[in-house]
Amino acid sequence: MEGAYKEEAIFELAELFKIFGDPTRIRILYAMLDTERCVNDIAGLLQMSQSSVSHQLRILKTSKLVKSRREGKSIFYSLDDEHVRSILNMGMEHIMEGSRA
């Protein structure tokens, strides 16, 4: 595998996994697994402050893991694409298989 990937791509992948390394961000991503939500909905669902949720959403959006759309005064967030859903599902599947061993 040596030389198969450029160093920059390896670095970017490591950064992506750092984003997934925060339990709060994972909880937020799971809150949007099947539906888009506004900050207020996520905050209520996860019992967090709107400020904390907004901060984490900013990180997730910068990392291209979530996207947003405006409807009037409200902004709705959702997973950026099917890859994010797949990463979450595969990770959970891996964890659940490990707990059965």
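This is a short exchange on how terms are applied to one predicted model.

Colleague: What should I know before reading any values?

Modeller: The model is predicted, so local features need pLDDT of at least 70, side-chain atom pairs count only at pLDDT 80 or more, and totals for chains, interfaces and linings use all residues. Residues are numbered from 1 along each chain as its sequence is written, and side-chain values use heavy atoms, with hydrogens and water left out.

Colleague: How many helices and strands does the protein chain have?

Modeller: Five helices and three strands. Both are DSSP runs, numbered from the N terminus: helices are H or I with at least four residues, strands E with at least two. The order from the N terminus is α-α-β-α-α-β-β-α.

Colleague: Why is Gln56 called buried?

Modeller: Buried means under 20% relative accessible area, exposed over 50%, partly exposed in between, with a 1.4 Å probe and protein chains only. Gln56 has 11%, so it is buried. Gln56 sits in helix α4 (residues 50-62).

Colleague: What is Gln56 in contact with, beyond its neighbours within four places in sequence?

Modeller: Asp22, Thr24, Arg25 and Ile28. Contact means heavy atoms within 4.5 Å.

Colleague: What puts the buried residues of α2 on the same side?

Modeller: In helix α2 (residues 23-31), those residues are Arg25, Ile28, Leu29 and Ala31. They cover an arc of only 155° around the axis, so they lie on the same side of α2. The arc is taken from the directions from the helix axis to the C-beta atoms.

Colleague: Where does Met48 lie, and which residues does Met48 touch?

Modeller: Met48 is in the loop between α3 (39-46) and α4. Leaving out residues up to four places away in sequence, Met48 touches Thr24, Arg27, Ile28, Ala43 and Val53. Met48 and Thr24 are 24 residues apart in sequence, yet 9.6 Å apart in space, C-alpha to C-alpha.

Colleague: Which element supplies the largest share of its lining?

Modeller: α5, with five residues. The lining includes Phe17, Tyr30 and Met92.

Methods: On a 1 Å grid over the protein atoms alone, a cavity is a set of points where a 1.4 Å probe fits but cannot get out, and a pocket is an open set with protein on both sides within 12 Å along at least five of seven lines; lining residues have an atom within 4 Å of a point.
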